[in-house]
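Dear colleague,

Please find the structure below, handed over for your study.

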Amino acid sequence: MSLAVTLSNALSGLQVNQNALQVTSTNIANLNTDGYSRKVHNQETRVLAGQGSGVETSEITRQVDNFLVADFAKQTSETEAARIRSRFFNQIQETFGSVGNNNALNNTITNLGVAFENLANAPEVAAQRFTAVNQAVTLTEHIKDTAQTIQDLRSQTDIEISAGVEIINGHLQAIADLNQSISRNIAQNTPTGDLEDQRDRSLKEIAEFLDVQSFINSENHMQVITRSGRSLVSSTVASELSYTPSPGMTPAQTYPTNIGGIHVNANGNPTALNDITTSIRGGRLATLIEMRDTTLPSVTDQLDVLAASLRDTLNQVHNRGANTLIGSGTGALDAAALYGTREITAPGDHLTLSNDVTLQILDDSGQAATTPLTISAGATTPETIRGQIDAYLDSGIDFGEAAWVDDRLEIKLEPGYRLAIQDNGPAADQGDVTVTFDADGDTATETYLGFSNFFGLNDFYQTPNLSGNGFALENQGNQLGISSTIVVREDIVTNPEALARGQLRGTPPDLQLGLGDSSIAQDLAAAFTESIDFPSVTNGPSNVSTTLAGYAGTILSFNAANAAEAENALEFQDFSLEVLRNKVQSQSGVNLDEELSNMVILQNAYNASARVIQTANELLDTLLSLR
């Protein structure tokens, strides 16, 4: 072997070992860098004309298991979905309060029941009336605040979906650009490992939001598709996701009716064909969509069921009481004394009363001002009833009038008079008559307890329709979102004296209203101990028979159980992700001991090559000196 060949071989050794040392030092420098994979310097014998001519760097590769990377991305999607679910369930739980918390919704309901008990014990005390009304308002505000918080959480999911789509788009484009850069490096025979690490990190970021699959093609391009098979990155071309968040969120907003979808390559023309919303099964987006469209609306439904039961239970009792304040009659420009909440769009339709109903005009002392009116049991119509009441109010003395206003029964009374209504139904129904009528216009009749309760003449709670047109009440109006509209009747809030406490007593024609009567207040207090049948709620509690406070506790317990389950699921997913992370780290991570050992070997090899060059140089010097 000539000295020239020896020098060439030794020089190649120096260069290759120098490259290998650079790779090793880079590995050590990135020991704690997240997403960095260990680089491996591969070398091979250099052959010229069939003769060995030293060594050369063949390639610098990553020590990566692509199948493990794919598993890690999938587990990342599942873990992030669990993390979002746990976060939102905890926020829901914070909204309701914890079991035993004085500020919990069930305790607020209990406090109202106590306030009515105190009123029943001292009906003549103005402070007790004020406290009861104030506590009733506090309860409605609590329900409405809770309902609004749920809508705020839905808005939050919407904002996070929009932000997530933007993040995904950025990383999809990054992967496409990196694919192109990797192709360029391959053509230039330069390392691609760091670019591939960046690409894997972008894939991980996407997987946090969206369940995706990926594979590397023959050109070392990463292809990304959704679990349903929709292409997101094809070689150097990235798809674009689009989403338009809702400006505000109400219970009436649902996907896809008035909440937009997530579209792929819509190009300003979103359609059902490019909508991938329903096919998203993992990652943050899947859970955010689930929370927005399923979980949170279910909580709203639970609150609506509670609000409807509270309204119907208390209104039935309150409507048994005297309907107007003493001396608060109305003139032509004054508000109606009795303004029904039920819309009767067909006042000529058939209506049946199970028992007689007695109406009595009272003076300011609670005594009968005239003979009573009896509306007989049997078949009649709402219009016939209105006509009977109107004729009664104009029988010799002008006491007032009864008319249809906005399809609701309105009764006006002259100053100094009030109207009380007495049902003569069975004791089993607390004296309420049964009214049979098709109030929802579906051609099938329904039954209602209480004459005044049917027309809504003396309601305690009102639930305006979410749209703001009319009222929602039993078998009528849109019950959706009433938990965000429930209020105590305005004139009761303005003047707690309007709160019914007693009811018409006696046998016609000797009827009167005792000023110290507390029977209605007692019934209102008793309503909070009665067992009520609550229906099942989709994705919520099953049907249950319990008290009003008990159902509020059921809602609290149900969501507390969901929060606990979500927390346990997150712990499991976090554990699974950590196991995979350790596997990835074991496979692709940098081992400091191994790198230091390699560095010693490479330094020795480098020194050996240098020693060969030094020896060859000495030989040349010796040869030259012989001349």
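**Findings**

A346 counts as partly exposed because its relative accessibility is 27%; buried means under 20% relative accessible area, exposed over 50%, and partly exposed in between (1.4 Å probe, protein chains only). The model is predicted, so to speak of local features pLDDT of at least 70 is needed, side-chain atom pairs count only at pLDDT 80 or more, and totals for chains, interfaces and linings use all residues. Residues are numbered from 1 along each chain as its sequence is written, and side-chain values use heavy atoms, with hydrogens and water left out.

A346 is placed in the loop between β9 (338-339) and β10 (351-353); strands (E, at least two residues) and helices (H or I, at least four) are DSSP runs, numbered from the N terminus. Between A346 and T381 there are 9.3 Å in space, C-alpha to C-alpha, and 35 residues in sequence.

Strand β9 also belongs to an open sheet of three strands, in the order β9-β15-β14, with antiparallel pairing. Its edge strands, β9 and β14 (400-405), each pair on one side only. Two strands pair if DSSP finds at least two bridges between them, and β9 pairs with β15 (residues 408-413) over two bridges. L338 has I411 in β15 as its bridge partner. In general, strands of a sheet pair through backbone hydrogen bonds, either parallel or antiparallel.

Elsewhere, L623 is found in helix α12 (residues 592-626). L623 counts as partly exposed, because its relative accessibility is 47%.

Kind regards
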